[in-house]
Amino acid sequence: MKVGIIGLGAIASQHIKAISALKELRLHSGCRRNKEELNKFCREYGVKGFTDYKELLKDGVDIAVVALPHALHYKVGMEALNYGCHLVMEKPFAVTMEQCKNLYKKAKEKDLKIATSDSFYHLPKIKKAREIVKSGKLGKFISAAIINYKDYYFNPQRPKWFLQPEMAGGGELINVGVHRVAFIRSIIGSEEKTVKASVGFFEPGYKVEGNGLIFIGYGDGSAAVIEEIGYYKLHPELDKCFHFNFEKGVINLSRELSIIYKDGSIEYPKIPQEEVSGYLPHYKQLLTAIKEDRDPYPGAREGMMDVRIILAAYESAKTGKEIRLNTPKWELDID
Ligand SMILES: NC(=O)c1ccc[n+]([C@@H]2O[C@H](COP(=O)([O-])OP(=O)(O)OC[C@H]3O[C@@H](n4cnc5c(N)ncnc54)[C@H](OP(=O)(O)O)[C@@H]3O)[C@@H](O)[C@H]2O)c1
């Protein structure tokens, strides 16, 4: 199958590694506006280049990869579906619920598949943790806490669009907090029911947030907390925190995966080796989904659920209210 990548920035190389590793796929074309950089890319990979994504789509690809600034995901993703392409969508899936739902529905209508590329879903230690939870040996989920210090989010090396709300759809939370939402759900498997959040704009001169605290409820007394801080990186004196508490023990992902049982004993489950690229599983998922006519994992549904939590967090922070996700504005309403 022919693959075209729309957006050839920092993350494109991860996609190329995965595409190159699969014999069913062939990198056919790429798109970016900067002609000089585009030519370099075409020479390096011996592929076609376009400065206009519509030309790439007209030229014909089976799979379009959307690796663009966030606000462009929807327009370009929809156009690619209209051209009959399956999609690999970078995170965040889109920047409004309506956009997410429209993409989902359009793909269903056209019988096309959408894979969302958030490498957290397939990290070997996360997959292993998911297996352990599914086996039921730790009992019911109780609570989780994730504290993530992002290296200075406002780093001047970061492409400017990330720091512009109209292009990025937000700041630290929609860009990197969305990974933590995926991380938690992919391990515990529960669907979120409520969201309460605070969001901070403490970096002078910027209109995107640099931190946030999100409280997610699952409706049965279990809950998760995500703390994202983007003003400095984790100091060695501070502890990283990725804890999942269950009835019979704790899954700790702060370092390597460990299980700390109620009696104090510790187990370090064996973790399979990393794939050649963290993105390989996404492409494998897409290929299998096309073959078996099912949704890839993670697909549009997961992409939408991840974005929903971040958008609900923004709204909760603005209104000071808890958001209930079973209300018309927030329901997935897609099947
Ligand atoms: N999953 C992950 O771990 C991960 C990590 C990093 C990024 N990402 C995601 O990947 C996406 C891209 O991020 P990035 O870091 O690669 O950003 P980036 O380095 O800024 O790359 C963006 C690309 O889009 C192109 N572009 C911008 N506007 C365009 C337009 N109107 N038409 C065509 N091309 C356009 C840019 O090239 P020109 O300026 O030449 O057009 C550039 O090649 C984002 O959604 C981001 O959140 C995911």
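The centres of domain 1 and domain 2, taken over C-alpha atoms, are separated by 26 Å. This is a predicted model: local features need pLDDT of at least 70, side-chain atom pairs count only at pLDDT 80 or more, and totals for chains, interfaces and linings use all residues. Residues are numbered from 1 along each chain as its sequence is written.

The domain bounds come from an automatic or database domain assignment.

| Domain | Residues |
|---|---|
| domain 1 | 2-118 + 277-298 |
| domain 2 | 121-274 + 309-319 |

Where the domains meet, twelve residues of domain 1 are in contact with 15 residues of domain 2. Contact means that two C-beta atoms, placed from the backbone, lie within 7 Å. On the domain 1 side, seven of these residues are nonpolar, three polar and two charged. Ala, Val, Leu, Ile, Met, Phe, Trp, Tyr, Cys and Pro count as nonpolar; Asp, Glu, Lys and Arg as charged; the others, Gly among them, as polar.

Next, helix α9, residues 280-292. Helices are DSSP runs of H or I, at least four residues, numbered from the N terminus. At 1.5 Å a residue, the 13 residues of α9 should span 18 Å, and the end C-alpha atoms are 18 Å apart, which agrees. Its buried residues are L280, P281, H282, Y283, Q285 and L286. Buried means 20 or more other C-beta atoms within 10 Å of the residue's own. Just after α9, D293 takes a positive phi of about 50 degrees.

Note on methods
Helix = DSSP H or I, 4+ residues; strand = E, 2+ residues; numbered from the N terminus. Expected span 1.5 Å × (residues − 1). Buried ≥ 20, exposed ≤ 12 C-beta atoms within 10 Å, placed from the backbone.
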